[in-house]
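I wanted to page through this model and jot down whatever I looked up. These are my notes, in the order I took them.

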Amino acid sequence: MPPKTKREAIVLVWDISESSSQIDADGVSTFEKSKQCLSWIVTRKILSNSKDEIGVVVFGSKETNNTLHDDFNDRYENISVITENLSMATWDILRQVEKIKISTLKKADWIEAILVGIDFLKHSMEGKVFTESKIVILSNFTSEVNSEKDLHVIQNVINSMKINLVAIGPDIGGENEDSQTQSELLIAHLVTDTQGVICSYNEALKQLRFYEKPAKKPQGWHVSLTIGPDIQIPVTGYKMVDSSFNIGWNVQTVDNEPIIKDHGFFKKDETCVENQDIIDGYVFGNSIIPFSAVEKETMTYDSGEKCLNVLQTAPIAECLPKHLFIGDTVHYFVPQPDDEEAAVAFAAVVKALYDLDLAFIVRKVYRNGTIPMLGAMIPKIEDDHYILLFLEIPFKQDNKKVNIPSLRYVKSTEEQISCIDRLITSMDLTNPEIFEEDEEPYAPEKLIDPFKQHVDKCIVMKALHKDSPLPSQPEKFILDLIKPLPVIEERSKDVLEDVKKVFPLEKVDTDKNKKEAAVMFDLGNNPDEAPNINGEIKMELDASMDDLVKSSIDHISTVNPESDFESILKNGVPFVRVCDELQSVIIKLFISCVDDDVKKPLKVLAFLRKHCLDYDPMLYNIWLGFLKDIIIERENHNIWELIIQESLSLITSKESEKSNLTMEEAKLFNEVKKQTPESNKMDEIMDADDLLDMM
């Protein structure tokens, strides 16, 4: 009976003779490359919890340890079986591989080594069931072989046992056979005759360096898509995207003794409280409302049995913007297999939705007792495959209202717009010129998670060298995963320099206040230096009282915001940061004003406008749009009229050359749109939650 899951038997045949010490063009010996390939093969099996079983055979060694040599004393010398039998990959096998050093023997017969590997594989597989068997040989194939006559024997055995042969070595198997050695020609012909695979060290390292879990057969969720009271289509849902990455950390003692986890509740006097004397309580305001187990069961919402019920249809473009999609995965639904009637009905539904650009809004309950979920099922037709994509969408209470300042009155220069256009063009990944081997760069289905790769590398290093410190940063090939392509960097280099020029940035010195305090109190470079025993502080002779208190003001209060603003500005804090803080204070003053007494907030607003007039009018103009939205939303139209009467509206080009706003644009900005009957009607049905949000 074949196994339910894929399970391979793999024998790794490794050349460790002195001939493998030759250095390649990249400065690395073939021995180191083959050792790295073999280590990564074993490591991938360990990290993926693979059920495959492996064995290791080395040839070119001083020792001889194989059963064929016991039967034929004059043959199969210098070939050793490292593992006693086939077994799942373990850290012990990996440590054995790491300890193996290059041999001093100059020659090694790889044909005899393959025969030993086949014999080891045959005997180790007895009594076990595998879906595949494989022999992987790693060698540079430079040594001459004495058993060329056995080549046809290997070919017949491999074909009869259905063994997959993989040869990893130098770049061989090409069309130019004149430049290849006898061994390279022999292995190339053997791989071809047995329909095996041959690849170079560089290709193998490129594929093996990243750890990936083997693909598992997805578990489907079987349910009926219910449309109205009479239509039920049997469908199956599968996960299309799963971004979860969890590490299974286990608590265990060094001597592998079991550890029992326990917890308890104790009073202040360290008296233990029994579990039966404890119930859950929920804090609401200053009160604790207790709930017993029976009460909690009573208040639990009964979602009913599992279902996928269609509530309505909705236009995809208008009613389902992408920012409404939540959740951490995407499911795709297809008709249940071997149900032709379901396939016909499902295809008709998908085709109709696709033609009308509509989606289903559905209620999903995964199983009895689980929380119901609201979702959109979007039709997709690709290569005659009809599917419905399920994406979770929020309920009303899940939507968060965010007040974002309007940028309607921000005007960029033609030079800035042109510069960004050129930057976008230079970084365009849709240009086929930058594709390598006809593959799209950063394709989501092929891009490997660098975080997971770094964690796996650290686990491997800690398993092999438990006393060594972990690397401070990921290896270069991991960092290259999220690095821009070299051609992109080259194309955008000049444009990025132009971006720096047209968008100048100001460096913020956050340590300036600390330096000033150190100079004032003459603390020097020694932070541990303390004042003298009398508690007196040595000060500079010209330090005034203002200098003493200037460092103590680090934020703008609502009591005296103008003075605080100037003091913090004198301390060297950038104007943009202080301006942003004063704007927040002004909003608080307007919101907290009583009986429309807005003299103080208007005074502070005029103060801010005056400073922005000299520094950067755009800081004031952009923020004023945000302030206007807050005032109008609270229906304080009289306050907005006072702001206009006091000439505290937008700063136009007439007042400052730094502004690019015209008088007409400012006049249009001052106008307030009147509410429509529909909006008034919506205000009438405003619920308590909306009122609390506004408060």
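Predicted model: local features only at pLDDT ≥ 70, side-chain atom pairs only at ≥ 80, totals over all residues.

**Overview.** I started with the secondary structure, and the protein chain comes to 24 helices and 18 strands. Of its 695 residues, 36% count as buried. I looked up the surface too: the accessible area is about 45,500 Å², and 53% of that belongs to carbon and sulfur atoms. For contacts between residues at least 6 apart in sequence, I found that 72% join residues at least 24 apart.

**Confidence.** The chain averages a pLDDT of 81, with 83% of the residues scoring at least 70.

**Strand 14.** Which strands does strand 14 pair with, and in what direction? With strand 8 (residues 221-227), strand 14 (residues 307-315) runs parallel, joined by two bridges. In that pairing I found L225 opposite L308. With strand 16 (residues 358-365), strand 14 runs antiparallel, and eight bridges join them. There A314 stands opposite A359.

**Either end of strand 16.** D357 sits in the loop between helix 10 (340-356) and strand 16. Its phi is positive, about 55°, although D357 is not a glycine. I stopped on that because most residues other than glycine have a negative phi. D357 counts as partly exposed because its relative accessibility is 41%.

P372 is in the loop between strand 16 and strand 17 (373-382). I get 18% relative accessible area for P372, so it is buried; the cut-off is under 20%. Setting aside residues up to four places away, P372 touches Y301, S303, R363, K364, V365 and F395. I checked S303 separately: P372 and S303 are 69 residues apart in sequence, yet 6.2 Å apart in space, C-alpha to C-alpha.

**Y76.** Here I noted another positive phi in a residue other than glycine, near 55°. Y76 is found in the loop between helix 2 (67-71) and strand 3 (79-81). Is Y76 buried or exposed? Its relative accessible area is 7%, so Y76 is buried.

**T194.** This one lies in the loop between helix 6 (182-193) and strand 7 (197-200). T194 has a relative accessible area of 8%, so I put it down as buried. What lies 2.8 Å from a polar atom of the T194 side chain? I found the backbone oxygen of L190 there. Leaving aside neighbours within four places in sequence, T194 is in contact with Q155, I158, N159 and L165.

**Helix 19.** I ran a length check on helix 19 (residues 599-615). At 1.5 Å a residue its 17 residues should span 24 Å, and the end C-alpha atoms are 25 Å apart, so the two agree. Next I listed its buried residues: P601, L602, V604, L605, F607, L608, R609 and C612. I kept the general rule beside the list: an α-helix has 3.6 residues a turn, so residues three or four places apart point the same way. What do the buried residues of helix 19 pack against? I found helix 17 (561-570), helix 18 (575-592), helix 20 (617-633) and helix 21 (637-645).

Notes:
Residues numbered from 1 in each chain as written. Heavy atoms only, no water. Pairing = 2+ DSSP bridges. Helix = DSSP H or I, 4+ residues; strand = E, 2+ residues; numbered from the N terminus. pLDDT = per-residue confidence, 0-100. Buried < 20%, exposed > 50% of the residue type's maximum accessible area, 1.4 Å probe, protein only. Polar contact = N/O pair within 3.5 Å; in protein donor to acceptor, adjacent residues only side chain to side chain. Contact = heavy atoms within 4.5 Å. Expected span 1.5 Å × (residues − 1). Areas by Shrake-Rupley, 256 points an atom, 1.4 Å probe, with all protein chains shown as cover.
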